[in-house]
Amino acid sequence: MTDVVADLTAEFRLLPLSRPWGPDRTDLRLIVTEVRTASGATGTGFSWTPTIGGTAVLAMLTDDIRPALLGRSADPAPVWDALWAYLREAGGGGITTIALSGVDIALWDLRARAAGLSLVDLIGRRRDSVEAYGSGINRHYPVEALVEQAERWVAAGFGAVKVKIGRPDLAEDVARVAAVRAVIGPRRRLMLDANQRWDLPAALRAVRALDRFEPYWLEEPLPADDLAAYARLAAATTVPIAQGESLYTAGQFQAAAAGVTVLQPNVVRVGGITPFLRIAELGRLAGVPVAPHLLPDLSGQLALCLPGVTMVEDVEDASFAALGALTRPSGVEVKAGRLTADTGPGHGLAFGTGHTDRGTEWAD
Ligand code: MG
């Protein structure tokens with residue numbers, strides 16, 4: 001008989017950032033979950049939001065997901081489909097899928113641990129290491145600080161780096177990108193991320209001004225759901241266009257695949273590992289590479305299993321390991337621009353059990 005889910009717990013954590021993502025973005029929200037089955041098997045999962053929504057995610061897990069989950073067979077894909085159908089009255093993506101990831105990641109961890117396999121080997125390892133690129137939430141940095149960050153990436157051995165653009169004045173973007181290109185030289189790849197700050201005319205002006213710095217890709221130049229504008233931009237430039245961190249459903253990714261060169265699902269925002277792998281397959285069928293957004297502690301493990309070329313984003317000092325959220329090393333490491341994962345059974349992520357108060361600083 002299949003093992004059934006007997007309990008789900010969820011706890012809120014606030015993770016202070018040692019390098020704030022903006023004047024009012026000084027910490028991240030993490031909701032740590034645990035699933036327990038009738039036979040006593042356990043798995044750890046998490047939901048995450050950078051700025052807002054953390055307490056809403058916690059409430060959805062405890063008030064709505066928990067009663068709908070208990071008693072179900074502990075199989076990730078059937079559970080995901082049933083819970084998404086149940087939750088979509090509150091929205092097909094967003095708080096619902098972010099909360100659902102807490103269950104899905106825990107069920108995958110549980111299954112891998114029960115099988116005595118690492119998550120990577122359970123899914124199917126395709127490579128022993130994957131390229132990681134240096135990334136920073138640095139739009140608010142003075143240019144001197146941006147240059148220093150680029151120098152740290154070069155010293156750390158990254159072969160590719162990503163910086164934020166989309167300042168109010170395009171001339172500022174051009175000067176900042178020129179300064180970073182001068183630091184990293186002509187051979188390292190340089191990605192640019194506008195975080196949806198432009199409309200189509202502004203994006204067209206920006207690609208004309210920035211093309212000479214040979215961007216490896218231009219990320220989120222436009223609002224994520226304006227797929228018609230993405231198609232028109234892609235038709236007007238040879239600069240590869242990337243997006244996906246602000247999309248939530250496989251249907252959105254399928255529609256977006258036609259207008260971009262790189263798809264960037266965030267494993268938590270799409271609802272966990274089950275939908276992430278479906279989106280990766282969708283990218284493979286569409287011939288569009290998938291490069292996971294943020295969360296390298298887990299995204300890096302998934303990237304080791306992805307078909308085709310991929311890269312993992314390593315935002316400076318923002319991994320769970322760097323934030324001090326883990327009680328022991330996970331086995332995921334980034335060295336000289338390559339990520340490896342030697343986790344033991346499951347995904348290897350053991351979160352501290354310290355503070356559970358909403359808004360209380362993390363300390364363990
Ligand atoms: Mg981005």
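Here is a quick tour of the metal site, some helix packing and a few individual residues. The model is predicted, so keep that in mind throughout. A magnesium ion is held by Asp193, Glu219 and Glu245. Helix 3 (residues 95-115) meets helix 1 (residues 54-69), helix 2 (residues 76-87) and helix 10 (residues 273-286).

**The magnesium site**

- Read along the chain, the donors follow the spacing D-x25-E-x25-E.
- Asp193 belongs to strand 6 (residues 189-193) and Glu219 to strand 7 (residues 217-219), so this pair, 26 residues apart, links distant parts of the chain.
- Asp193 is buried, at a relative accessible area of 1%.
- Glu219 is buried too, with a relative accessible area of 0%.

**Helix 3 against helix 1**

- The two axes come within 9 Å and cross at roughly 60°.
- Angles of 65 to 115 degrees would count as roughly perpendicular, and helix 1 and helix 3 are therefore oblique to each other.
- Their crossing is right-handed.
- On the helix 1 side, the contact uses Ala56, Val57, Met60, Leu61, Ile65 and Leu69, while helix 3 brings Ile95, Thr96, Ile98, Ala99, Leu100 and Val103.
- Sorted by class, this contact has eleven nonpolar residues, one polar residue and no charged ones.

**Helix 3 against helix 2**

- Here the axes come within 10 Å, with a crossing angle of roughly 165°.
- Anything over 145 degrees counts as roughly antiparallel, which is why helix 2 is roughly antiparallel to helix 3.
- Helix 2 passes helix 3 in a right-handed crossing.
- Helix 2 makes the contact with Pro76, Val79, Trp80, Leu83, Trp84 and Leu87.
- Helix 3 answers with Thr96, Thr97, Leu100, Val103, Asp104, Leu107, Trp108 and Arg111.

**Helix 3 against helix 10**

- The axes of helix 3 and helix 10 come within 8 Å and cross at roughly 90°.
- That angle makes helix 3 roughly perpendicular to helix 10.
- Asp104, Ile105 and Trp108 of helix 3 touch down on Ile273, Thr274, Pro275 and Leu277 of helix 10.
- By class, the residues here come to five nonpolar, one polar and one charged.

**Two glutamates with positive phi**

- Glu214 has a positive phi of about 50° even though it is not a glycine.
- Glu214 sits in the loop between helix 7 (200-210) and strand 7.
- With 59% relative accessibility, Glu214 counts as exposed.
- Glu220 is another non-glycine with a positive phi, at about 40°.
- The loop between strand 7 and helix 8 (227-236) is where you will find Glu220.
- Glu220 is buried, at a relative accessible area of 1%, whereas Glu214 is exposed.

**Two buried residues to look up**

- Ala150 lies in helix 5 (residues 143-156) and is buried, with a relative accessible area of 0%.
- Not counting residues up to four places away in sequence, Ala150 touches Val180, Val183 and Ile184.
- Ala150 and Gly136 are 14 residues apart along the chain, and their C-alpha atoms are separated by 9.2 Å.
- Asn138 is in the loop between strand 4 (130-135) and helix 5, and at 0% relative accessibility Asn138 counts as buried.
- Setting aside neighbours within four places in sequence, Asn138 is in contact with Leu146, Gln149, Trp153, Lys162, Val163, Lys164 and Arg176.
- From Asn138 to Ser299 the gap is 161 residues in sequence and 21 Å in space, C-alpha to C-alpha.

Conventions
Residues are numbered from 1 along each chain as its sequence is written. This is a predicted model: local features need pLDDT of at least 70, side-chain atom pairs count only at pLDDT 80 or more; totals for chains, interfaces and linings use all residues. Side-chain values use heavy atoms; hydrogens and water are left out. Axes are lines fitted to C-alpha atoms, for helices over the stretch in contact, and angles run from 0 to 180 degrees between N-to-C directions. Helices (H or I, at least four residues) and strands (E, at least two) are DSSP runs, numbered from the N terminus. Angles under 35 degrees count as roughly parallel, over 145 as roughly antiparallel, 65 to 115 as roughly perpendicular and the rest as oblique. A crossing is left-handed if the near helix is turned anticlockwise from the far one by less than a right angle, and right-handed if clockwise. Contact means heavy atoms within 4.5 Å. Ala, Val, Leu, Ile, Met, Phe, Trp, Tyr, Cys and Pro count as nonpolar, Asp, Glu, Lys and Arg as charged, and the others, Gly among them, as polar. Donors are N, O and S atoms within 2.8 Å of the metal (3.2 Å for Na, K and Ca); water is not among the atoms, so sites may look incomplete. Buried means under 20% relative accessible area, exposed over 50%, partly exposed in between (1.4 Å probe, protein chains only).
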